[in-house]
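Notebook open, model loaded. I want to look up the salt bridges, the sheet and the core.

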Amino acid sequence: MSRVDRSYSKYESIRTYEDRGKMKWNPFATAELASAHRDYHSEFSFDEPAFSLEQDEIMIMLSFAKSLQIEISIEYQDEKTNKAVTGTVIDWRDKTGIILKKQDGHYQEIAFDLIVKLTDKKYFDPYLKQ
């Protein structure tokens with residue numbers, strides 16, 4: 001343990017005092033950290049989607065939707081929950097996702113690895129029911 005120079009003090013107890021540093025606070029920090037981890041994991045849901053497409057199927061369906069400019073519904077995972085959005089595929093995002101123009105006119109970027117399900121009214125439903 002390194003010692004702090006306390007030779008300035010006229011009291012011997014101060015000059016010879018050895019601070020244990022974080023050792024005295026470690027139990028408190030450990031308990032707090034463990035409690036925070038428990039709270040975080042109790043709120044986190046690891047629900048697996050009931051239906052999931054393979055990556056190559058997602059790419060083919062998105063290419064098809066982009067080329068025909070058809071409106072599709074995308075179900076994707078966002079943090080702890082599944083979300084759904086409907087719109088038209090406008091462009092690719094750096095080969096990692098798509099840019100979707102939603103029904104309300106706003107744009108949204110969605111990564112390929114977050115997409116769980118794609119549907120539309122005419123083309124994809126018959127394909128998925130095979």
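Is Asp-78 buried, partly exposed or exposed? I'm working from a predicted model here. Asp-78 comes out at 27% relative accessibility, so I put it down as partly exposed. I then checked Lys-83, whose side chain meets that of Asp-78 in a salt bridge, 3.0 Å from N to O. Lys-83 is partly exposed too, because its relative accessibility is 36%.

Next I searched the whole structure for salt bridges and got two. Besides the Lys-83 and Asp-78 pair, I have Arg-93 with Glu-109, where the closest N and O atoms are 3.2 Å apart. Arg-93 sits in β2 and Glu-109 in β4 (residues 107-111), so this bridge ties together parts 16 residues apart in sequence.

On to the sheet. I read the order as β4-β3-β2-β1-β5, five strands in an open sheet with antiparallel pairing. I get an average twist of 45° from one strand to the next. For β1 and β5 I noted four bridges, and I found Ser-73 standing opposite Thr-119 in β5.

Then the helix: I see α3 lying across β1, β2, β3 and β5, at about 60° to β2.

Last, the largest nonpolar core, which has 16 residues. Leu-62, Ile-72, Ile-74, Ile-98, Ile-110 and Leu-118 touch the most other members. I listed α3 (55-68), β1 (71-78), β2 (81-93), β3 (97-102) and β5 (115-119) as the elements giving two or more residues. α3 gives the most, with four.

Note on methods
Residues are numbered from 1 along each chain as its sequence is written. This is a predicted model: local features need pLDDT of at least 70, side-chain atom pairs count only at pLDDT 80 or more; totals for chains, interfaces and linings use all residues. Side-chain values use heavy atoms; hydrogens and water are left out. A nonpolar core is a set of buried Ala, Val, Leu, Ile, Met, Phe, Trp, Tyr and Cys residues joined through side-chain atoms within 4.5 Å. Buried means under 20% relative accessible area, exposed over 50%, partly exposed in between (1.4 Å probe, protein chains only). A salt bridge is a side-chain nitrogen of Lys or Arg within 4 Å of a carboxyl oxygen of Asp or Glu. Two strands pair if DSSP finds at least two bridges between them. Axes are lines fitted to C-alpha atoms, for helices over the stretch in contact, and angles run from 0 to 180 degrees between N-to-C directions. Contact means heavy atoms within 4.5 Å.
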